[in-house]
Amino acid sequence: MKTLQIFFLFALFALSANAQTTPDYSAFSYETFTHHGDTLRYRMLKPLGYASQKAYPLIVFLHGSGERGTDNAAQLLHGGSLFLKDSLRQQYPAIVIFPQCPPDSMWASMKVERDQSGKAINRSFSDGTDREATPGLLVKLLTDSLVKAGVADKRRLYLGGLSLGAIGTYDLLARYPDMWAAAFPICGIGNTDNAPKFKKVPLWIFHGAADNVVPPIGSSSYYDALKKLGADVKYTEYPGVGHNSWDNAFAEPGLLPWIFSHKK
């Protein structure tokens, strides 16, 4: 009997600890957007004291490959809790959107060559002229349902993403450079030939120096290309940090002030 009591106490402790460490994402509403038979699932966080007659700044954040799916929940795993802090929501009233990429899709047109172990050894990227279903649906949501409706301020649309989402960030910047007031890709890679297309968009790029999933040159090459173009670009590389450099980026005290300091 004593052993059973100890087991139940341990189980209750584990449940309590898990409840304390798992963020409450209920403030993010469950949303869907459908256009021509295609559906985009997304979560949306409105500002504290939201006023429907006001147009707010809007941040779009694109998740990585591991959060693809149809549950409309996994995409909040990395970054969702950052935007829930009441102090930040009061200081920077904005709408935050976390769309979810379907499991059989990507945020960008990309072909990946892998070795026998499944590790990516080569990636080839679009020049931004081909059709892209999921990102195009996202842009349709922003322009038709949020900007035109006066919900989002078209001069203050911000874009960020990690890993696959950062690849998508570079791709969306190349396709729709006039949309964005600023962008913050984390541990991404892409076609640097597209850099001239979005040289007018301020960027803060992040990467871990020890990333063995997406090499740091994926970010540093974009930084070099944009610097040569005279762009407003920052690059932060974290020594000894692997692929999860988003943890460091989200902890940057200057990230949100930098984002909201820009408008078109």
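Of the 264 residues of the protein, 48% count as buried, a word that here stands for under 20% relative accessible area, with exposed meaning over 50% and partly exposed in between (1.4 Å probe, protein chains only). The model is predicted, so local features need pLDDT of at least 70 and side-chain atom pairs count only at pLDDT 80 or more, while totals for chains, interfaces and linings use all residues. Residues are numbered from 1 along each chain as its sequence is written, and side-chain values use heavy atoms, with hydrogens and water left out.

The protein has seven helices and ten strands, taken as DSSP runs numbered from the N terminus (helices: H or I, at least four residues; strands: E, at least two).

A nonpolar core is a set of buried Ala, Val, Leu, Ile, Met, Phe, Trp, Tyr and Cys residues joined through side-chain atoms within 4.5 Å. In the largest such core, Leu 58, Leu 142, Phe 198 and Leu 203 touch the most other members. Helix 3 gives the largest share of this core, six residues.

| Core | Residues | Including |
|---|---|---|
| Largest nonpolar core | 40 residues | Leu 58, Phe 198 |
| Another core, apart from it | 32 residues | Phe 98, Leu 255 |

Leaving aside neighbours within four places in sequence, Phe 198 is in contact (heavy atoms within 4.5 Å) with residues including Tyr 170, Pro 177, Leu 203 and Tyr 222.

As for cysteines, Cys 101 is buried at 0% relative accessibility, and Cys 187 is buried with a relative accessible area of 0%. The count of disulfides, pairs of cysteine sulfur atoms within 2.5 Å, comes to zero.
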